[in-house]
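Please look over the sequence and the structure shown here.

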Amino acid sequence: MNFRQGDSNELKSKFWNALADSPFVFLRRDADPDTAVPMTAQLDKDADSAVWFFTTKSSDFAKLGEATATFQGKDHDVFARFRGKLEIEEDQGRFEQFWNNFVKAWYDGGKDDPDILFLRMDLADAEIWSGELGALTTAKMMMGMDVRGDVQEKRLETTL
């Protein structure tokens with residue numbers, strides 16, 4: 001971890017806010033890297049150790065297990081890679097909480113579509129990078145100076 005405790009909490013918060021603002025990740029099952037596809041993470045502001053996904057029973061994600069998601073904030077101000085374990089979510093209340101017209105658009109049978117699979121990703125470790133380089137680092141890059149140390153200071157390894 002390259003951040004002081006206060007800074008690391010700030011970067012974690014920045015990550016969650018950016019993910020809430022643009023909840024699109026590239027998700028893959030660790031057992032099969034070729035499964036990587038864009039997915040929409042469903043977030044609960046009171047649950048910072050899990051995210052949810054709607055998919056189909058015929059998808060590769062139906063095999064469950066360890067997974068990795070990569071994320072880029074829409075303003076490129078935060079980047080992240082986080083890992084977790086995909087499990088079937090049985091909580092009907094959660095399903096109802098996240099069901100909306102954007103999800104419905106993917107399922108001909110609506111909420112009762114027999115192919116819907118609702119998953120929970122229980123989160124583990126993460127690596128979060130701040131994309132805000134600052135004026136000094138940007139100036140150093142423009143002059144071709146080494147900025148690897150500056151950028152490394154904007155990185156956090158943590159658990160979610």
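## Strands S5 and S6

Thr68 stands opposite Arg83 in S6. That places us in the pairing of S5 with strand S6 (residues 78–88), which is antiparallel and runs over eight bridges. Two strands count as paired if DSSP finds at least two bridges between them. Strands themselves are DSSP runs (E, at least two residues), and helices are runs of H or I with at least four residues; both are numbered from the N terminus. S5 and S6 form a hairpin with five residues between the strands. In this hairpin, His76 takes a positive phi near 60°.

This is a predicted model: local features need pLDDT of at least 70, side-chain atom pairs count only at pLDDT 80 or more, and totals for chains, interfaces and linings use all residues. Residues are numbered from 1 along each chain as its sequence is written, and side-chain values use heavy atoms, with hydrogens and water left out.

## The whole chain

The protein chain has five helices and eight strands. Their order along the sequence is α-β-β-β-β-β-β-α-α-β-α-α-β.

The chain has 160 residues, and 41% of them count as buried. Buried means under 20% relative accessible area, exposed means over 50%, and partly exposed lies in between (1.4 Å probe, protein chains only). The chain exposes about 9300 Å². Carbon and sulfur atoms supply 50% of that area. Such areas come from the Shrake-Rupley method with a 1.4 Å probe; for residues, only the protein chains shown count as cover.

Contact means heavy atoms within 4.5 Å. Take the contacts with a separation of 6 or more: residues 24 or more positions apart account for 70% of them.

## More strand partners

S1 pairs with two strands named here. With strand S2 (residues 32–40) the sense is antiparallel, over five bridges. Phe24 has Thr40 as its bridge partner in S2. Two residues separate S1 and S2 in their hairpin. With strand S5 (residues 65–72), S1 is again antiparallel, over four bridges. There, Phe26 stands opposite Thr70.

S6 also pairs with strand S7 (residues 116–130), in the antiparallel sense over 10 bridges. Phe79 has Trp129 as its bridge partner in S7.

## Two faces of S1

Which side chains of S1 point to one face and are buried? They are Val25, Leu27 and Arg29.

## Loop residues

Ser22 lies in the loop between helix H1 (5–21) and strand S1 (24–29). Is Ser22 buried or exposed? Ser22 counts as buried because its relative accessibility is 10%. Beyond its neighbours within four places in sequence, Ser22 is in contact with Phe71 and Lys74.

Lys63 sits in the loop between S4 and S5. Its relative accessible area is 58%, so Lys63 is exposed. Lys63 and Glu87 are 24 residues apart in sequence, and their C-alpha atoms are 9.2 Å apart.

## Aromatic pairs

The whole structure holds 11 aromatic pairs. Rings of Phe, Tyr and Trp (its six-membered ring) pair if their centres lie within 6.5 Å; planes under 30 degrees apart count as stacked, over 60 as edge-to-face and the rest as tilted. The centres of Phe54 and Phe95 are 5.4 Å apart and their planes are at 70°, so this pair is edge-to-face. The pair links distant parts of the chain, with Phe54 in strand S4 (residues 47–56) and Phe95 in helix H2 (residues 92–98), 41 residues apart.

Phe95 and Trp99 have ring centres 5.5 Å apart and planes at 15°, so that pair is stacked. Phe54 is buried at 9%, Phe95 at 7% and Trp99 at 14%. Ring pairs link these residues into a cluster that includes Trp52, Phe98, Tyr107 and Phe118.

## Nonpolar cores

A nonpolar core is a set of buried Ala, Val, Leu, Ile, Met, Phe, Trp, Tyr and Cys residues joined through side-chain atoms within 4.5 Å. The largest has 27 residues. Among the members that touch the most others are Phe15, Phe53 and Met121. H1, S1, S4, S5, S6 and S7 each supply at least two residues of this core. S7 gives the most, with six.

A second, separate core has 11 residues, including Ala50, Trp52, Phe54 and Ile116. In soluble globular proteins, nonpolar side chains tend to be buried together.
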